Each structure stands twice: as C-alpha cells, then as structure tokens.
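User: Hello! I am new to this structure and would like to know what the terms used for it rest on. Could you take me through them?

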Amino acid sequence: MGCNRNCGLITGAVIGAVVALFGGILMPVGDMLIEKTVKKESVLEEGTIAFKNWVKAGANVYRQFWIFDVQNPEEVAVNSSKIKVKQRGPYTYRVRYLAKDIITQDSKTHTISFLRPKGAIFEPSLSVGTENDTFTVLNLAVAATPHLYPSTFVQIILNVFIKNSNSFMFQKRTVKELLWGYKDPFLSSVPYSIPTTVGVFYPYNNTSDGVYKVFSGKDDISKVARIDTYKGKKHLSYWPSYCGMINGTDGASFPPFIEKNRVLQFFSSDICRSFYAVFGAEINLKGIPVYRFVLPSRVFASPLQNPDNHCFCTEKIISKDCTLYGVLDISKCKEGKPVYISRPHFLHASPEIAEPIEGLSPNEEEHSTYLDVEPITGFTLQFAQRLQINILVKPAKNIVALKGLKHNYLVPILWLNETATIGDEKAEKFRNQVTGKINLLGLVEMILMSAGAVMFIAFTISYCACRLKNAK
C-alpha cells in the first residue's frame, strides 16, 4: 500500500516536471515559429499579407488642412505691421486611395519598382465648409518674384505686369484654388512662355511623385520596404548626398521585430527629405499593443545643433548665420520658390520666427508628428504627420506690392495633418490573426509551466511527508 502511494506521488511529480519542461521548451520553439511566420508574411511578394497591404493602403488616409486667413492685409503691405492670422479648418481630403501602379519585381536584386499615383477627394462630412470657402492669403506669385528673378531690371519689368493685373501682396482665394492650383492673373499677363498655374500642391491629382525602388526583404528581412532608389538615385539631386540621402521606408511599414531603441527612418517626397522618429511610449490601439515613435526636436534643429540640416540653410542673413531653428528651407526642391517647412504654428521654433505673426497657438498634442507601429510585424497601424507650409517674403523696392515692407516675414500659409488609423474590422482581424494567436501561445506556455511546477512541488512535498511519516 505504501509503495503504491509513493509510486503514485513520484509519478505525479515526474508528470509535473515533464509538463513544466514542455512549457519551457515550447517558449523558444513557439518564438521560433512566430519569427519564421512573421518573416515569411512580411516579405513583399505575391501572396503575403505585407504585399497585399503594401499595394494599397489598408486604412483610409486623410489630409486635413487648416488655412491661415490674414485679417489685416493692407496694414501689413503698407505699414509692415505684424500679420494677424486666424486659423480656419479642417478641410479634409482622402488621399493615397489609389493602389501602387506599374509594379515590377527583380528577383536578382530582390527589389520592387513602382509608381505611387496621387489623388485627393474632398470629404464634406469631415470639413468645416466647402472647397469654395474664400480666404485672404499671401499672393504666391508676387511673393516669389524677388527670389526667382533677383535682377533689378527684370523686377522693374515684372512690376509693370503686377500692377496692370491688379495683383497685390495678398489675395482672396478658395480652398480648392489655394491647394490644387489656379490661373494667376499676373503670370498670365506676362508675354512669355512661363507656367501660369499656381497652387501649394500643384500639380497633384492624376500625377505621381516618381519611380520608387524598394527592397522586397526576400534575401534580408531587415531591409524590407526600405527605399533603394527614388527617381533612379540614392540621394536627392537638390542637395549633396550627405544631406539628401533617401533613407528608410515610406512610413507605411518597417522591418519586423522592432525594439524600443530603434530609430525609424521614413522618406517624404512632398517635402524632399527623410525624417526619423524615436520611441516615445507604449500605447494600446484598439486592443493591439503598439510602440509610438515621435519626431524629436532635433529634426528641425539648426545646423549648429544638427549638422544633417546644413543643406536646409541656404543663406546667412535671414537665418542669422544658420542659428535659427524650427524651420527648414526646401526652396531648392521647389524650383527656387521660397518655401519653408516647420511644425504647425511654429511649434518648437526660434521665437524670432513667430514674432511678426499674431494668432498662433503652438500645442504639443495637436501639432506633433507620430507613428504607432506594431512591434512584431512592423506595420504602422496609426500615424499623424503634421507640417506647416510657409513662404518667405522679403522687401523689394522695385516691386510696388512689396515696397512697403521693412523686414522679412515667414508667412504661414497652411498646416496639414495627414493621418490614418486602422479600422475596427481590420483591427479585429489583426488581433485574431497576429496578436491573439501570439497571446494564446504565451498563455498556454505559462499555464503549462505553472501547472507543471505546482504539480511537481505538490507531489514532491507529499512524497517527502509520506516518507517522513513512514520513517516515524
């Protein structure tokens, strides 16, 4: 009887040890299976989950625009007063709804070439008004004239056409005109063959931003979706290679198994440069744990603080020997037009830049850029890219419309929030197919290890107690 009891206790302890050991073994084996599956599905090739989501955005991508409506145009033009602006918006458009086009794969180099068509559809239900709402904004053509034509003789001639067309420093334009283009009366009156359509994002609809070539990740998953060349080059021709390198992906996805100390790099053709983001926080997005990566202030720092921005400072006077921070000059990639980018409302910019502007209210929560990335797959499940478009306006004694200015202005035109969030249906599918299975496997591992350990300890203690009792 004692032997049967002791044998049973020993058997129970052995079974518990085996169950715990199996749970322990299942952890590396399970991790290996997960890693193998994720790597397989992350490759950009026909049939994978990554390829399907890569060809066309898996969530609606919107661009919200807030326009800076100038309240005192005459005071500014005549007396060089502070510019009083009032933010109006959002005016929302659905973008990136078109699938990637002309996709060709190269099995030798493990790369994919494609075009990314551009399109924008106005969304009235997500906007405060219509595309025909009118604003008082800077006259883009007049403001750019001194920069594009520095010759005194040419400016005197162009001044005649500016006056004859009744063009001034400021003008009234609709949302649609300002964003997507309008026939400028001043440019249309010039008797030479020059472009006459002006717009902040003109041309946009029915265009593409050039041929991309990215790595498929077939031979090296750490390179998946990373841009190899853009328009046939590894760096932007506007700047030297050290300043215009095309780094990272397009931001829609990154290589899998992301760690918190990783720096995520992504390229934007709209603003002609690559950005990088660093880990900010862990958050829960619709039941999915994600890492939030944010743009650090160093991205918009002065060249003295961040040498990578050296090429975005093209002159010494306005930038105060390149010591000002918070704005980047991208005129070289905008055909010489004096375009500067910043965070909305000049967030984290030098105080001198915003000093001539009244009506700005920078806010970290509303005006910062971030990406919420699921760390196992590397998929971006939510993002918000927030940027402001500004135009540099300088006094020009040969142009009547700008003659009254006594100092330079960085005039804010608009700021945008390009954003997307995984939908509820796709989030549920993601939970079921990815995070749910991984969590279930982890739960099974913990149950096996815990139950096995409890069985082993309980039966071992019982066996020892029984032996001690028999010995007495």
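Analyst: Gladly. A residue is called buried if its relative accessible area is under 20%, exposed if it is over 50%, and partly exposed in between, using a 1.4 Å probe and protein chains only. Of the 472 residues of the protein chain, 48% count as buried. This is a predicted model, where local features need pLDDT of at least 70 and side-chain atom pairs count only at pLDDT 80 or more, while totals for chains, interfaces and linings use all residues. Residues are numbered from 1 along each chain as its sequence is written, and side-chain values use heavy atoms, with hydrogens and water left out.

User: Why is Cys313 called buried?

Analyst: Its relative accessibility is 16%. The cut-off is under 20%, so Cys313 counts as buried. Cys322 is buried as well, because its value of 7% also falls below that limit. Cys311, with a relative accessible area of 8%, is buried too.

User: What makes Cys313 and Cys322 a disulfide?

Analyst: A disulfide is a pair of cysteine sulfur atoms within 2.5 Å. The sulfur atoms of Cys313 and Cys322 are 2.0 Å apart, so the pair meets the definition.

User: Why is the disulfide of Cys313 and Cys322 called left-handed?

Analyst: The torsion about its S-S bond is about -90 degrees, and therefore it is left-handed.

User: How many disulfides does the structure hold?

Analyst: There are two disulfides. Cys272 and Cys333 also form one, with sulfur atoms 2.0 Å apart. Their link is right-handed, with 85 degrees about the S-S bond. Cys272 sits in the loop between strands E12 (264-268) and E13 (273-285), and Cys333 in the loop between strands E15 (327-329) and E16 (339-342), so the pair ties together parts that are 61 residues apart in sequence. Both Cys272 and Cys333 are buried. Counting bonded cysteines along the chain, the pattern is 1-4, 2-3.

User: What counts as a helix or a strand here?

Analyst: Both are DSSP runs numbered from the N terminus: helices are H or I with at least four residues, strands are E with at least two. The protein chain has eleven helices and 20 strands.

User: How do you know that strand E4 pairs with strand E10?

Analyst: Two strands pair if DSSP finds at least two bridges between them. Seven bridges join E4 (residues 111-118) to E10 (residues 207-215), so these antiparallel strands qualify as a pair. In one of these bridges, Pro117 has Ser208 in E10 as its partner.

User: Which strands form the open sheet, and in what order?

Analyst: The order is E3-E4-E10-E11, with antiparallel pairing. E3 (101-106) and E11 (227-230) stand at the edges, each with a single partner strand, so one side of each is left without a neighbour in the sheet.
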